[in-house]
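This briefing is meant to be read alongside the sequence and the coordinates.

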Amino acid sequence: MVNGIERPLDVLNNAKGKEVLVQLKNNRQMVGTLLAFDIHINIVLDNAKEINEGENKRSIGLTFLRGDTIIFISPASVVKQED
Amino acid sequence: MVNGIERPLDVLNNAKGKEVLVQLKNNRQMVGTLLAFDIHINIVLDNAKEINEGENKRSIGLTFLRGDTIIFISPASVVKQED
Amino acid sequence: MVNGIERPLDVLNNAKGKEVLVQLKNNRQMVGTLLAFDIHINIVLDNAKEINEGENKRSIGLTFLRGDTIIFISPASVVKQED
Amino acid sequence: MVNGIERPLDVLNNAKGKEVLVQLKNNRQMVGTLLAFDIHINIVLDNAKEINEGENKRSIGLTFLRGDTIIFISPASVVKQED
Amino acid sequence: MVNGIERPLDVLNNAKGKEVLVQLKNNRQMVGTLLAFDIHINIVLDNAKEINEGENKRSIGLTFLRGDTIIFISPASVVKQED
Amino acid sequence: MVNGIERPLDVLNNAKGKEVLVQLKNNRQMVGTLLAFDIHINIVLDNAKEINEGENKRSIGLTFLRGDTIIFISPASVVKQED
Amino acid sequence: MVNGIERPLDVLNNAKGKEVLVQLKNNRQMVGTLLAFDIHINIVLDNAKEINEGENKRSIGLTFLRGDTIIFISPASVVKQED
């Protein structure tokens, strides 16, 4: 169990400065370092890369992602380190 | 009959800390432990796994899911234990 | 004519505790006992079953359904008993 | 010309208790007696029937329809009688 | 140039009682007499007809159209008379 | 660089009375004279023409376009004159 | 790490007057100079060009883009200069 998650945005707050996987609608995925988010789930990733079924597809760098295209944001590797 | 369900969010409140099945739009499904939710039905799952027609497809770990991609959330196994 | 229906939500209020058919977008259907709803038409069904062209497809149990995936909710069998 | 229609909802108010044709997104249609509506254009139909290119497809009975799936509502036969 | 159009809704106000062409999403079109509209661009047409690539497809009569299915409303013939 | 553009709507304000290209969802395009707009980006075009891959497809005349079907509005020729 | 990004819109503010890549829904992409944006992520690009899998497709010039069609905005080349 992960401690200290009271509200959904706590997960994003804990993930700031760490790498996240972002699943977008239309089967796009991005990985990058989460720099910022707001209540609309607009987010900023640094060193973002689009990935396509496990392969790098395009290097995007710093990017602003609109919240309404996001399905999930997963700071997975971070969490495994905390467990 | 399940007691104590006055409002839809009561079901999610009762399911905190327990495993849920989440059906997403576009035929995606996830199972995981429900850690948090908000009024937009944004949720956090721990130990999340994408499943595809009964088979594990991808292990996601901790994940933030945006509410607008969710069709239903079912704490089914929990309920069966309470009946 | 059904008496006592002044506002659309009156139908859902009358159907509490009774079986309803829920038509979802993307050709999904569910039947189950309506336990709760809110003004967003988020609903809770107990003993929910997904059905597919008349056949049971999956037993879901207790489930929270987000309102924005719902096309219609029909407490049809209940109404026939009242007529 | 139809008299007394100042605002769009006046048409729905005049059609209460009368048969309407409801065109839904995704090519679904319903006919039934309009019992109630609200500002979201959520409506309640009694004796509702899904129709498919002129043929009855399914008898639904009393049903709550969410406004956001509706394209148009036409109290057409009622109007012809008033002209 | 058309005079007196300060805000988009002025066009709809000027078109009241006149014939309009309404382009809906999903390639549907309607023609009819505009009786009423509101700020959501819900509209009422009288003597409405669905048209399909220039041919009449279905006579609808009086109809309430939800604004969110509308792409454009064109009081075209009216304007040509004013020019 | 274009001077005097502080907010996005400034571009639309500058384009009033001039010809714009409007890209709609679903690959529709229109050209016409921008007469009015509001904060929902509902717009009015005069002498509007639907164009299809560079060819005129349909002459619409005066038209009200709902903002939610618009991808971009480009007063391109106007800008080139100002540069 | 990029300094001074507290909120998502800070990225857009920093990118004003610089070239950005804008990924739109439906696989459209644009590049251009970001002149303005608002909280709906409506943006204005100058010297905008639609690009299609790396090739220029259409030169648009000054353009107003509605926020709800945007997936991401990436001031990528700018960021690389800052690192």
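Predicted model: local features only at pLDDT ≥ 70, side-chain atom pairs only at ≥ 80, totals over all residues.

A polar contact is a pair of N or O atoms within 3.5 Å, where, within protein, one atom must be able to donate a hydrogen and the other to accept it, and where residues adjacent in sequence count only if both atoms are side-chain atoms. By that criterion, nine residue pairs, with both residues at pLDDT 80 or more, are in polar contact between chain E and chain D.

**How the copies are related**

- Two copies of a chain are related by a rotation about an axis and a shift along it.
- Chain E is laid on chain D by a turn of 51° with a shift of 0.0 Å along the axis, and the RMSD is 0.0 Å.
- For chain B on chain A the turn is 52°, again with a shift of 0.0 Å along the axis and an RMSD of 0.0 Å.
- Only 4% of the interface residues of chain E are also interface residues in chain D, and the copies therefore meet through different surfaces.
- The copies B and A likewise meet through different surfaces, because only 4% of the interface residues of chain B are also interface residues in chain A.

**The interface between chain E and chain D**

- On the side of chain E, 24 residues are in contact with 26 residues of chain D, and the area buried between the two chains is about 2,000 Å², of which carbon and sulfur atoms give 61%.
- Within the area that chain E buries against chain D, L62(E), F64(E) and R66(E) supply 35%, more than any other three residues.
- One salt bridge is counted between chain E and chain D; it pairs D68(E) with K25(D), whose closest N and O atoms are 3.4 Å apart.
- Strand 2 (29-37), strand 3 (43-52) and strand 4 (55-65) of chain E are the elements that give two or more residues to the side touching chain D, and strand 4 of chain E has the largest share, with six residues.
- By class, the residues on this side of chain E divide into 11 nonpolar, five polar and eight charged.

**The interface between chain B and chain A**

- Here 24 residues of chain B are in contact with 26 residues of chain A, and the two chains bury about 2,000 Å² between them, with 61% of it on carbon and sulfur atoms.
- The residues of chain B that lose the most area to chain A are L62(B), F64(B) and R66(B), which together account for 34% of what that side buries.
- Nine residue pairs, both residues at pLDDT 80 or more, are in polar contact between chain B and chain A.
- The elements of chain B that give two or more residues to the side touching chain A are strand 2 (29-37), strand 3 (43-52) and strand 4 (55-65), with the largest share, six residues, coming from strand 4 of chain B.
- That side of chain B has 11 nonpolar, five polar and eight charged residues.
- The count of salt bridges between chain B and chain A is one, and D68(B) forms a salt bridge with K25(A) in which the closest N and O atoms are 3.4 Å apart.

**Salt bridges within chains**

- Over all chains, the structure holds 35 salt bridges.
- In chain B, the side chains of E50(B) and R58(B) meet in a salt bridge at 2.7 Å, N to O; E50(B) is buried, with a relative accessible area of 2%, whereas R58(B) counts as partly exposed at 25% relative accessibility.
- In chain C, E50(C) forms a salt bridge with R28(C), the closest N and O atoms being 2.5 Å apart. This pair links distant parts of the chain, 22 residues apart, with E50(C) in strand 3 (residues 43-52) and R28(C) in the loop between strand 1 (19-24) and strand 2 (29-37) of chain C. Both E50(C) and R28(C) are buried.
- Also in chain C, the side chains of D68(C) and R66(C) meet in a salt bridge at 3.2 Å, N to O; D68(C) counts as partly exposed at 24% relative accessibility, and R66(C) counts as buried at 13%.
- Salt bridges that share partners join K25(A), R66(B) and D68(B) into one network.

**Residues with a positive phi**

- Most residues other than glycine have a negative phi.
- N47(B), although not a glycine, has a positive phi of about 55°; N47(B) is found in strand 3 of chain B and counts as partly exposed, at 44% relative accessibility.
- I41(F), also not a glycine, has a positive phi of about 65°; I41(F) is found in the loop between strand 2 (29-37) and strand 3 (43-52) of chain F and is buried, with a relative accessible area of 1%.

Terms used
Residues numbered from 1 in each chain as written. Chains lettered and ligands numbered in written order. Heavy atoms only, no water. Least-squares fit on C-alpha atoms with pLDDT ≥ 70 in both. Contact = heavy atoms within 4.5 Å. Buried area = accessible area lost by both parts, 1.4 Å probe. Salt bridge = Lys/Arg side-chain N within 4 Å of Asp/Glu carboxyl O. Helix = DSSP H or I, 4+ residues; strand = E, 2+ residues; numbered from the N terminus. Nonpolar A, V, L, I, M, F, W, Y, C, P; charged D, E, K, R; others polar. Buried < 20%, exposed > 50% of the residue type's maximum accessible area, 1.4 Å probe, protein only.
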